[in-house]
Amino acid sequence: MSKIEKFTAWTTLTVLSAVVNGFVILKAFEWIIVPTFDVPKVNIIQTIGIMVLVRFLTNPDVSDKTSQKSVVDNIGENTVALVLKSAFLLFILFILKQFI
């Protein structure tokens with residue numbers, strides 16, 4: 001895989017991750033925070049900003065530099081993890097929303 005292809009794949013996954021995580025935070029905010037605390041709704045751009053800020057402050061993904069996996073394998077695993085975590089969180093939030 002060339003450097004351009006790696007950069008393109010990384011950039012695409014980063015943007016996709018920001019949008020998907022922003023959407024999940026948006027739904028969490030709409031379903032849980034707004035009715036509970038009577039605050040105004042936020043839009044997708046604001047939630048992406050919140051997600052980037054929290055990610056910057058907490059840095060949850062400390063990657064293992066000793067891994068011998070290829071870039072394609074890492075991108076594939078990260079994409080699957082992103083989809084599964086987001087779907088699971090939306091499912092949990094939907095259940096919680098039913099009780100609010």
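Why does phenylalanine 94 count as partly exposed?

Reply: Phenylalanine 94 counts as partly exposed because its relative accessibility is 40%; buried means under 20% relative accessible area, exposed over 50%, and partly exposed in between, with a 1.4 Å probe and protein chains only. The model is predicted: local features need pLDDT of at least 70 and side-chain atom pairs count only at pLDDT 80 or more, whereas totals for chains, interfaces and linings use all residues. Residues are numbered from 1 along each chain as its sequence is written, and side-chain values use heavy atoms, with hydrogens and water left out.

Phenylalanine 94 is placed in helix H3, residues 71-97; helices (H or I, at least four residues) and strands (E, at least two) are DSSP runs, numbered from the N terminus. It belongs to a nonpolar surface patch that Phe94 forms with Phe88, Phe91, Ile92, Ile95, Leu96 and Phe99, with about 740 Å² of accessible area together. Such patches are made of residues with over 30% relative accessible area and no salt bridge; nonpolar side chains (Val, Leu, Ile, Met, Phe, Trp, Tyr) are joined within 5 Å, and like charges within 9 Å. Accessible areas come from the Shrake-Rupley method with a 1.4 Å probe, and for residues only the protein chains shown count as cover.

Helix H3 also holds valine 80, which is partly exposed at a relative accessible area of 47%. From valine 80 to leucine 16, the C-alpha distance is 12 Å, although 64 residues separate them in sequence.

In the chain as a whole there are three helices and zero strands. Buried residues make up 22% of its 100 residues, and the chain exposes about 7600 Å², of which carbon and sulfur atoms supply 71%.

A salt bridge is a side-chain nitrogen of Lys or Arg within 4 Å of a carboxyl oxygen of Asp or Glu. A search of the whole structure finds one.

As to confidence, the chain has a mean pLDDT of 85, and 90% of its residues reach 70 or more; pLDDT is the predictor's confidence in each residue, from 0 to 100.
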